[in-house]
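Have the sequence and the coordinates open, try each task yourself, and then compare your steps with ours.

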Amino acid sequence: MKRSVLIILSIILMFSGCAKKDSGNQLDEVKKRGVLRVGMSTFVPWAMNDKAGNLIGFEIDVATELAKDMGVKIEFVPTKWSGIIPALLTGKFDVIIGGMGITEERAKKVDFSDPYDFSGMSIVASRKKAPDFKDLASFNKSEILIAARLGTTAAEAAKKNFPNAQLKLFDDEAQAIQELLTDRVHAVVASSPLPEYQAIKYNSRFYLPVENTFENEPVGFAMKKGEESLKEYFNSWIKKKTGDGFLKERKNYWFKTRDWEKRVE
Amino acid sequence: MRDRIRFTLLDLILLIILFSGAAYVLFKMKMELHYEWDWSAVASYIVRYDAAAESYVPGLLLAGLAVTFKLSVWSTLFASIIGLFMGLMKISKNVILKLTSSAYVGVVRNIPSIVFIFIFYFFISGQIADAFEFNYRSDSVSWYGTIFSFLFAPSSMLAVFISAVFTLALYEGAYMTEIVRAGIESVEKGQGEAADALGLSRYQKMRHIVLPQAFKRILPPMAGQIISVIKDSAIVSVISVQDLTFRGTELMASTYKTYEIWITITLMYFILTYGCSIAVGSVEKRMERKGYV
């Protein structure tokens, strides 16, 4: 009897003893470790696998450049988008560089760097199920079904712009697009340029009801709260890279051209 | 004595119904999915030729299958150990041991597995991994680093992998606990009493009389549970272990070849689980031949 009490006590002690030691400064820790661990999730063309299984994309280029300038190695931690913030908070990686839009809700949980990119939302609709819709307002009806990716700002934008429509949320965009292909939803909302690409790819079945994007949102690196020196470092890096045109050039390559397509398929 | 299997008219009709049903489903799929099937790249997800290394290297899905396999082996091992001890604790006369085991089984079995995995991964197992400093090991080139990455996962993925093994083992362990308990309790009371009468100690009674008899009753449900571990391991893809399912969903998000990849993954899981079923079947047959059953 006494022994089992001892065993239980020691198990409890073991767990409490493991409580995370707070090192305080994550920037120093990254440099000491020599590796920057970046959380990301697959989003075409922000981050994806090429034919050889390597990660490529806009965010991958940004993060690789960042690590190079910090003088450390880069390590990508592919993570499900729905669990990416808890994973950051529990220290699975140092920073999220994954096209994460800066929102008030997210800013309650994490700190954002200055924006390094802006991304708009666009909507792609089914020709058969939602023919000839000319404006966003025509999607704001209770019988309209709209698909988006779970936990993204696209889902929030859809909620905000189409409060009367019904939302169907999926784990990734491929499923949302598949839902549109089977005509189970009227439209898909996602960050531009994904809807545009899909409208080109399935030209006979999809169309863009509105040409322009809506909800232009700033995108930043997300890190744990209170990491001031890390944040300062990121902000000055972003300022420098905006100044020398690196960010713009990369953005152009991934978003305006489709040269990278043969690397994927 | 075995009846000869005869092929009758009824069988023929049933077969025709089955095949036409399958054909109808395929036809509907083709008509309604409006899906452009493209199997051309799938082979390269399993094995691809690496021009730089001038050799064939495993593709993303095969690498994922290897992770799933390692994950299943380690989880099964630890789950069996947990199951054995918790099962013994559950039939123990010591109230604290008994309550601990009952609480464990009660908690784990009544939480949806996905919730359990999330909670355990974020709040508890991260601390275990930190305690062993898995997170901070730099890329190891030493010999034990190589062995570690072969047996478990490369150092960058080690923390997540260990967490996943812990989580799965604890989850499956609860079910194995019940299997072990039921197996031991199914051994007739008289056996234990006979052992007592012979003056065997509690340990000897368990080791030589009860457990060997319980084992053969435990084996079939245990085999089912092991196959379950392989299938359930897919769920750890939510905590971003790079197993087969995670690799597959990432590939789908990249390439939009949703159905081709799901079908490929299903076949890969099937090969693993069915292989397991056959292995267990032959073990059972061997035990039967040796007269254990």
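**Exercise 1. Aromatic pairs**

Task: Find how many aromatic pairs the whole structure holds over all chains, then classify the pair of Phe58(A) and Phe255(A).

Solution: 
- Step 1. Keep in mind that this is a predicted model. A search of the whole structure gives 21 aromatic pairs over all chains.
- Step 2. For Phe58(A) and Phe255(A), the ring centres are 5.6 Å apart and the planes meet at 85°. Plane angles over 60 degrees count as edge-to-face, so this pair is edge-to-face.
- Step 3. Now place the two residues. Phe58(A) belongs to helix α3 (residues 58-70) of chain A and Phe255(A) to helix α10 (residues 246-256) of chain A, so the pair ties together parts that are 197 residues apart in sequence.
- Step 4. Check the burial: both Phe58(A) and Phe255(A) are buried.

**Exercise 2. A second pair, and the cluster**

Task: Describe the geometry of the pair formed by Phe221(A) and Phe234(A), and list the residues that ring pairs link into a cluster.

Solution: 
- Step 1. Phe221(A) and Phe234(A) are edge-to-face, with 5.2 Å from centre to centre and 90° between the planes.
- Step 2. Phe221(A) sits in the loop between β12 (214-219) and β13 (222-223) of chain A, while Phe234(A) sits in helix α9 (residues 228-243) of chain A, so this pair ties together parts that are 13 residues apart in sequence. Both Phe221(A) and Phe234(A) are buried.
- Step 3. Follow the ring pairs and you get a cluster of Phe43(A), Trp46(A), Phe58(A), Trp81(A), Tyr116(A), Phe221(A), Tyr233(A), Phe234(A), Trp237(A) and Phe255(A).
- Step 4. Look for charges over rings. The charged end of Arg149(A) sits over the ring of Phe43(A), 4.0 Å from its centre. Likewise, the charged end of Lys251(A) sits over the ring of Phe255(A), at 4.2 Å from the ring centre.

**Exercise 3. The surroundings of Asp111(A)**

Task: Decide whether Asp111(A) is buried or exposed, and find what its side chain reaches.

Solution: 
- Step 1. Asp111(A) is in strand β6 (residues 111-112) of chain A.
- Step 2. The cut-off for buried is under 20% relative accessible area. Asp111(A) has 11% relative accessibility, so Asp111(A) counts as buried.
- Step 3. The side chain of Asp111(A) makes a polar contact with the side chain of Lys225(A) at 3.1 Å. The Asp111(A) side chain also reaches the backbone nitrogen of Gly226(A), again at 3.1 Å.
- Step 4. Leave aside neighbours within four places in sequence, and the contacts of Asp111(A) include Phe221(A), Met223(A), Glu228(A) and Lys231(A).

**Exercise 4. The buried side of a helix**

Task: Identify the buried residues of α2(A) and the elements they pack against.

Solution: 
- Step 1. In helix α2 (residues 26-33) of chain A, the buried residues are Gln26(A), Leu27(A), Glu29(A), Val30(A) and Arg33(A).
- Step 2. These residues cover an arc of only 165° around the axis, so they are on the same side of α2(A).
- Step 3. The buried residues of α2(A) pack against β1, α3 and α9 of chain A.
- Step 4. Finish with the two ends. At the start of α2(A), a side-chain oxygen of Asn25(A) comes to within 2.9 Å of the backbone nitrogen of Leu27(A). Just after α2(A), Gly34(A) has a positive phi of about 80°.

Key: Residues numbered from 1 in each chain as written. Chains lettered and ligands numbered in written order. Predicted model: local features only at pLDDT ≥ 70, side-chain atom pairs only at ≥ 80, totals over all residues. Heavy atoms only, no water. Helix = DSSP H or I, 4+ residues; strand = E, 2+ residues; numbered from the N terminus. Buried < 20%, exposed > 50% of the residue type's maximum accessible area, 1.4 Å probe, protein only. Polar contact = N/O pair within 3.5 Å; in protein donor to acceptor, adjacent residues only side chain to side chain. Contact = heavy atoms within 4.5 Å. Phe/Tyr/Trp six-rings, centres within 6.5 Å; stacked < 30°, edge-to-face > 60°. Lys NZ or Arg CZ within 6 Å of the ring centre and 35° of its normal. Arc of directions from axis to C-beta.
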